[in-house]
Structure formats: structure tokens, C-alpha cells
Amino acid sequence: DPTRKEKRGPGRKARKQRGAEVELARFLPPGKCGLDRPAAAPRRPRPPDRRLSPQKKCAVKAAGQTACGRSGFSDGNSKWLAPAKAKKTQPKGNHVELSSDGEVEEGSWEMEEEEEDGSIEEMVDDYGASSSEEEELLPIEKAALKQKPDREGLSEDDSEEEDEEEEEAEEAGKQKMGQKEEEGPDLQLNLDIDEQFKLPTSEEIEKEDILFIWPLCEFLGCCDSLTVFPPAEPPDLHVIHQRIQGNVEVLQDFGAKREEGRSRQEYLALLRRDMAAYYSYSDFLLAKLMDIFPLPELINFLEANEVPRPVTIRTNTLKTRRRDLAQALINRGVNLDPLGKWSKTGLVVYDSTVPIGATPEYLAGHYMLQGASSLLPVMALAPQENERILDMCCAPGGKTSYIAQLMKNTGMILANDSSAERLRSVVGNLHRLGVTNTVVSNCDGRQFPKVLGGFDRVLLDAPCSGTGVISKDPAVKTNKDEKDILRCAHLQKELILSAIDSVNAASETGGYIVYCTCSVMVEENESVVDYALKKRNVRLVATGLDFGKEGFTRFKDRRFHPSLKSTRRFYPHTHNMDGFFIAKFKKFSNAIPQAQKEPAVEAAAPSAVPDTIITEPLPRKRKLEGSKADKEQKLPQPALKKKRASLQARRRPLKA
């Protein structure tokens, strides 16, 4: 506060010196006042209140004439020693006078406002600088000041005329603006017509093909065998992106915006080619995604895959509470928030000053680094205390530890995985998180009904193509083809049948199977679920998740069971989490449908040889069958059993 500032010593004005003229007249000997100024540091000019009035200057001049014998100052300092003129009257103050004998006398005096010639003296500041406004103003400001007296001198009629002229000028400006607004729509229409999207010519497409093929040829060293020349410029991705946007706009209103003589297939082919070049996807994968998503949603999906998903952690309620964990991490410099209303244990981490995977809380097992989408299958499974649960594909142990957390370390969990190397991380995480009700096994999931069965609930996180986690593994963009998708789908069908067979339908609290994948392909999701509905006595039930998109009941020429509406799909561009698919089954009977009981029927009649191992014509077959029957009758009973066993071993296994 400047009003409360304490004063420190005398101010600047209290240290002012006397005027230079008075000092010279007082201290210099007679006849020396005209000497040159000594080579010393120049003093600052006199303050304005120490300046002498014109009448007193006459006294100083008279004293100089009597001392030096001539009037005025003879040295080169006469200009800065002479008092400056002031425009404003100076206030009353002390002044210095010279008596007739040359002595200095002090007294009070008042400066006269005007000199005899009518000029106003100029004010000078403490440092001798002129306070004249004209010297400090710019030329344009000086011109404005000159116009003020002219306007003040105008009569009232003249000022009214000027006001009328200004109003007319404003009206003319408004008319011009109105004309521009009227012309605006026409100009906008012209711009729209000029910027209408047009398909590139074949020459432009061939040129761009060379631009994209050249880096690959240079890498493979095949430029000598092909007539491919290095491009003059690299491909312009900005132009490709604008072309993608224009193409999508045309396809959304194809009837009105398309070019004459151009088919929709041409636009789609160009769009797929441009998206493959801009987003670095294979042509096969883009064709699959274009069948799943509408075009605007497809662009959003591809853009979302270029951005990493937010880091999320799950609180281990076996050791701490979410509130305590959040406070501890905030104290360590972690910026976080609750994951959402649908999760009571999740936290999303925005940034951190410490490595989030090496904090003392992490090492103590207070939380687990886990994606938001990985929490959903366990929430859909809804495990209860004291149940027997199977996690068929458990690595790296995030879902298994979440199940144990919800069960409060009661009951029994069998954590199985076919990879022994990945089971090491499972064991480490279970020990760190304090899980004590889990048994870890290394078996093939397809053989599991024979290994152990009778579970209350089964969680199957099936291996998949990974098309929902492209942001984590960008290699999926180019290294997946049709064979990979079909291979994964076949394995998933085998695993889901094994999972259903491992569940006890008579369980009082359970009898549920949750099937999930991190893929968005219909072949790996809805097709597998529809296959399980046909092969086993199960039905789909609600997952218990109040968000997510419904699964497909029809896709292209395929028709699925209507109950697939209860399945849920999650996408990165809509839910800001990895792409995921979740389906929940309820097993209502342990009996296998009749179509799957062929092996038992054939075992009851072993004499009937399967058709798959017969290659002879039908008449000869009857003859062979008759001879074999005669030989079997002659063989003893142990030999007959061996013969039947060999026939059973020779027949082909039924397909799943």
C-alpha cells in the first residue's frame, strides 16, 4: 500500500542545490566568470523553483557587468545556464537575490504570470527537461491540437453541418455493408461449387502409386527389376486427408453430390485406398472395418486408434480403500480422478511426477495397472463368495486378482493358461496383491472338461486378433489377414464349448459363463456366440452393464439369434477404452444336445464300420463285412475286444 510506505530520509527535493548563476556570481573571483567550464562531471540542471524571474536576471546581469566589465555570459555554457521559459505560473517559494554590492539575499517572491511581451514561461522539471507538450507530442498529435482551436472557433451552424455530414457518411457505409451481405450468399455458392469434391484422374492415381511404392522398392532393392522411378516429392498427407473428408461427404449424400457417370464403388475404392495410405492399414483390415462401421464412425474409430488410451489402475480392496489410495498417490504428485460411476475401484491417471508402476503403493500391492475394459468382464461375471470359479485364460492375472478381490479371498479360483512363461507374471501379481484362494495351472483350455469340471462360473478371455487394441499394438494394422481371423475363430469355438462343459448347470448360485475378446470382428464375436447357442444348452442373459452398444443380430448376409442384443460392444471412439466384446451365458442343462451324441451311439454298435474308412465299392463292402463278421465270431472274446478297440481308434474324430 503506497499510503503506508515509510519515508526513509530526506526526499529528492530537499537535496536541491542553488541556481548555477548564483553560485558562479558568489564563488568565482572577479574577472573569472567568463572562463571555460572546468573538465569535471556536469551538474544536473537547476530545479524550476530555484529559477530566477526576469527581473532578478537583470540583477544578475548587472552584477556580471560590474564584475566582468561586459554584459551576459561569454562562455559556451550560457545556453544551459540561462533560465528556461515556463508556460505555467510557478508557485510561491524562496528565491535568491543579489544586492547592489553583489551579495546574495534570500527572500520570498512571486513569479509574474506573463512577461512584458506576453509570452508564458516554460515549466522545467527537476532535471532541467522541458515539460512542453508540443515537444513530446508526435506530428499527428500536433496536427490534432491545431485543429482543436479551429473547431472551437466554428459556429453552431457549422458544427450542425458537420454532424449531418457524419450521419450521411454512416448511412452510406451501412448501404455498402448491406450490398456486401446481399452478395454474400452468391459468393458462398460459388465457393461451394468450386470446392466440390472430384475424383482424381487415372494419371494422378498412378503418380501417387509411384510415391507409395518407391519407399518399399528402395527398401527391398527391387527398383532395378521394376520400371519405378524415384518421386520428385513425397506424398502429401494433407491432400489425402482432405480428399478423405470430401469423399465421405459425397458418400453421405451420394445422389446429390456425386459426379455424373461415376459409381459408388469407385468412390469406395478411392476412400479405402486413401485411408490405407493415411492411417497405414492393410487393405484387408480396412475392408473388414468398412463393413462393420458407418463411414463417419469409421473415421472416428481410426482416429481414436492413433491416440493412446488413458492409464487406469484398479484399487486392491484386499489391502486398502480407493479413497486412501487416491490420497496417498496425490501426495506423491499423481494427478488422478475416479474412473466412472460404473466402477467402485477404478482410477484414471492423467499425469504423474513418479513412475506409476514403481511406487511404494504399487510394490505393496495396493493397486494393479489394468485397462478400463478389463474390469468389465469380471463385473459381468459377478462372482460370489465361496464359489468355485475357472479363469481359463488368466495371464497376466488382472482379472483373476479382481475375481479374488470380489470374493474376499474365499472359495477357490483355478487360474489356467496354456503359456508357462506368462504364468510367471500371474504368480508374481497374485503374491504381490495378497491373493490366497487361487490355484495356478498350465493346461490346454480345450482339454479342460477332462482335467477338472463342475465349476460355478467360468471366465473365458479368449485369444483373439487384437483389432480392438490397435492403439497398444499398431502392428495389427498390417500383420493380420483372413487366415489369422479364421484361425482365431476356430480356436475360440473350441474353447467356448470347453468352458460351457466345465460349468455345473445345477449350481445353486452359478451356472454362468462369460465370453469376452479384445476384438471388433464379427467372426470372432457374434459368430462364436451363435455357434455356442446351437451346440450347447445355454442361453444369453443380460451382462449387467448399463452402457455399451448392442451386438449384431444381422451382419451382411448372416442372421444371428435375436438374443445377441444382450451382448455388449465397447469402442475406443465412443467409450474411450479398448475395443471389447462381452457375452454372458446361463447354462440350463448339463446334457449335451443329440447332435453331439454320435460317439456314444457308435460305441453301442461297434460292428458297424464308419463310412469314412471304407474305400471299396458297395457290393464288395457287403462281402467284406460278411467275411469280417464270420472271422469275429471265430475269434475268442479278448481278441474281439481288441479288434473293436482298433476300429474305434481308426475312425476320425468328429468336428467341433
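Helices (H or I, at least four residues) and strands (E, at least two) are DSSP runs, numbered from the N terminus. The model is predicted: local features need pLDDT of at least 70, side-chain atom pairs count only at pLDDT 80 or more, and totals for chains, interfaces and linings use all residues. Residues are numbered from 1 along each chain as its sequence is written, and side-chain values use heavy atoms, with hydrogens and water left out.

View A. The largest pocket holds about 840 Å³ of space. On a 1 Å grid over the protein atoms alone, a pocket is an open set of points where a 1.4 Å probe fits, with protein on both sides within 12 Å along at least five of seven lines; lining residues have an atom within 4 Å of a point. Its volume is the space filled by probe spheres set on the points, which are joined across faces, edges and corners. Of the 40 lining residues, Ala 395, Pro 396, Lys 399, Arg 422 and Asp 461 lie nearest the centre. At least two lining residues each come from strand E6 (367-369), helix H16 (398-407) and helix H20 (482-501). The lining comprises 17 nonpolar, 12 polar and 11 charged residues, where Ala, Val, Leu, Ile, Met, Phe, Trp, Tyr, Cys and Pro count as nonpolar, Asp, Glu, Lys and Arg as charged, and the others, Gly among them, as polar.

**View B. Two backbone features in loops.** A cis peptide bond runs from Ala 395 to Pro 396, with omega near 5°. Pro 396 belongs to the loop between strand E7 (388-391) and H16. Ala 382, although not a glycine, has a positive phi of about 50°; this residue is in the loop between helix H15 (375-381) and E7.

**View C. Helices H8 and H10.** The axes of helix H8 (residues 237-252) and H10 come within 9 Å and cross at roughly 145°. Axes are lines fitted to C-alpha atoms, for helices over the stretch in contact, and angles run from 0 to 180 degrees between N-to-C directions. The crossing is left-handed, a term for a near helix turned anticlockwise from the far one by less than a right angle, with right-handed used if clockwise. Contact, meaning heavy atoms within 4.5 Å, involves residues including Ile 240, Ile 244 and Val 248 of H8 and Leu 268, Leu 271 and Met 275 of H10. By class, the contact has 13 nonpolar, two polar and four charged residues.

**View D. Helices H10 and H11.** Helix H10 (residues 264-279) and helix H11 (residues 283-292) have axes that come within 10 Å and cross at roughly 120°. H10 is therefore oblique to H11, since angles under 35 degrees count as roughly parallel, over 145 as roughly antiparallel, 65 to 115 as roughly perpendicular and the rest as oblique. The crossing is right-handed. Leu 268, Leu 271, Arg 272, Met 275 and Ala 276 of H10 meet Asp 283, Leu 286, Ala 287 and Met 290 of H11. Seven of these residues are nonpolar, none polar and two charged.

**View E. Helices H11 and H12.** The axes of H11 and helix H12 (residues 295-305) cross at roughly 130° and come within 9 Å. H11 is therefore oblique to H12, and their crossing is right-handed. From H11, Leu 286, Leu 289 and Met 290 meet Leu 295, Leu 298, Phe 301 and Leu 302 of H12. This contact has seven nonpolar, no polar and no charged residues.
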